[in-house]
Amino acid sequence: MRLPDTVKVVEVGPRDGLQNEPRVITTATKVELIARLGKAGLKVIEATAFVSPQRVPQMADNAALMGAIERLPGVTYPVLTPNLKGLESALAAGAQEVAVFGAASESFSQKNIHCSIANSLKRFEPVMAAARQAGVRVRGYVSCVLGCPYEGNIQPAAVAQTASALFEMGCYEISLGDTTGAGTPEAAKRLIEAVSARVPLDRIAGHYHDTYGMAIANIYASLQCGVAVFDASVAGLGGCPYAPGAAGNAATEDVVYLLNGLGIATGIDLGALIDCSVWISAALGRSPGSKSARARTGRPSPVIEPS
Ligand code: HMG
Ligand code: MG
């Protein structure tokens, strides 16, 4: 199949990237991260999560953060909302796009959001209705699409089931989360084949964690299947508090480097993104987790920009 001409990159660093950080990160640092990502050309920046502060303390400043970010024209700042309480708080804080998150694994659903898959879908219904009334778009995540930290293998049919339920409920895009990062390219292709039988291909996004270094390979495999939306996290930050040992998402700068090399337009300035990666990594007291930032900062080397 011909590769897509353009790809939408959904930056999840400020949420997925930071949610698991043990050290408190100031709201000001998060605000600056979001500003730098916007200036680098990211058009969708997942800003925070309206979840229980007891469960995910790093996201406890959600309302303050939403009040402090500078909203650039043409950029959206979605937030996670697991239930009606989360949605109401998100709307009060000025969120203009939200995301619900379900799973293809019963055990992960229980650990992550304290309910069965079926009950999670029931919980999302009033979220969808209230969001619709407020004119707010809802994205849907499915976790554990290529394996579960508690159950191991997950069948593509189980993923397709949750994905289609979220799509039929009104989610405009379904992001398939390889939460554990255990996926490999052929498995990713089988997954997309199963899900795209029930959700249109142009409504599917790939969300690959990089635990085994397969995220970029999985993105390339997904591109070959026609997927044109990918979630990524600057500097490869992140992981899920309920997937112990899982690494962060594919690093945004590595994804952009891949796409530039394939001649696929993203509108993202790779140099500015790498500067942002180096900056947030220094703020967190570590080296960038991406190959591109290391290559750029280790010694001067040419950066492939779109032609
Ligand atoms: P629950 O325990 O079922 O809810 O939580 P509850 O209704 O029994 O309430 C328990 C307490 O939480 C109450 O407070 C509620 O008020 C409060 P208390 O009376 O005990 O003081 N509460 C809330 N507080 C703030 N915001 C809310 C909210 N809801 C209830 N929205 C809930 C259900 C889902 C909220 C909880 O289990 C939770 O917050 N879980 C954390 C989930 C999470 O953030 N996980 C990480 C993000 S998902 C992810 O990373 C995967 C993804 O990246 C894709 C992939 O990689 O696979 C998206
Ligand atoms: Mg994730």
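# Helix packing, metal site and side-chain contacts

The buried residues of helix H2 pack against strand E1 (8-11), helix H1 (13-17), strand E2 (44-45), helix H3 (62-68) and helix H11 (270-283). Contact means heavy atoms within 4.5 Å; buried means under 20% relative accessible area, exposed over 50% and partly exposed in between, with a 1.4 Å probe and protein chains only. Helices (H or I, at least four residues) and strands (E, at least two) are DSSP runs numbered from the N terminus.

The model is predicted, with pLDDT of at least 70 required for local features and 80 or more for side-chain atom pairs, while totals for chains, interfaces and linings use all residues. Residues are numbered from 1 along each chain as its sequence is written, chains are lettered from A and ligands numbered from 1 in the order written, and side-chain values use heavy atoms, without hydrogens and water.

**Exercise 1.** Compare the span of helix H2 with its expected value, and list its buried residues.

*Solution.* The expected span is 1.5 Å times one less than the number of residues. H2 (residues 27-39) has 13 residues, and its first and last C-alpha atoms lie 18 Å apart, close to the expected 18 Å. Its buried residues are Thr29, Lys30, Val31, Leu33, Ile34, Leu37 and Gly38. After H2 comes glycine 41, with a positive phi near 105 degrees.

**Exercise 2.** Repeat the analysis for helix H6 and identify what covers its buried residues.

*Solution.* The 18 residues of H6 (residues 117-134) should span 26 Å, and the end C-alpha atoms are 26 Å apart, which agrees. Buried in H6 are Ile117, Ser120, Leu121, Phe124, Val127, Met128 and Ala131. Their cover includes helix H4 (84-92), strand E5 (97-103), helix H5 (106-113), strand E6 (137-143) and helix H7 (156-169). Glycine 135 follows H6, and its phi is positive, near 70 degrees.

**Exercise 3.** Determine which residues coordinate the magnesium ion (ligand 2).

*Solution.* Donors are N, O and S atoms within 2.8 Å of the metal (3.2 Å for Na, K and Ca); water is not among the atoms, so sites may look incomplete. Asp16 (OD), His207 (NE2) and His209 (NE2) coordinate the ion at 2.0 to 2.3 Å. Along the chain the donors follow the spacing D-x190-H-x1-H. Histidine 207 and histidine 209 are both buried.

**Exercise 4.** Find which arginines lie over the face of tyrosine 141.

*Solution.* A charge sits over a ring if NZ of Lys or CZ of Arg is within 6 Å of the ring centre and within 35 degrees of the ring normal. Arginine 15 meets this at 5.6 Å from the ring centre, and arginine 139 at 5.3 Å.

**Exercise 5.** Count the disulfides and examine cysteine 144.

*Solution.* A disulfide is a pair of cysteine sulfur atoms within 2.5 Å. The whole structure contains 0 disulfides. Cysteine 144 is in none; the nearest cysteine sulfur, that of cysteine 148, is 4.2 Å away. With 0% relative accessibility, cysteine 144 counts as buried.

**Exercise 6.** Describe the surroundings of alanine 250.

*Solution.* Alanine 250 occupies the loop between strand E9 (229-232) and helix H10 (252-261). Its relative accessible area is 2%, so alanine 250 is buried. Apart from neighbours within four places in sequence, alanine 250 contacts Tyr208, Asp210, Ala215, Ile219, Ala232, Ser233 and Val255. In H10, 8 of 10 residues are buried, among them Val255.
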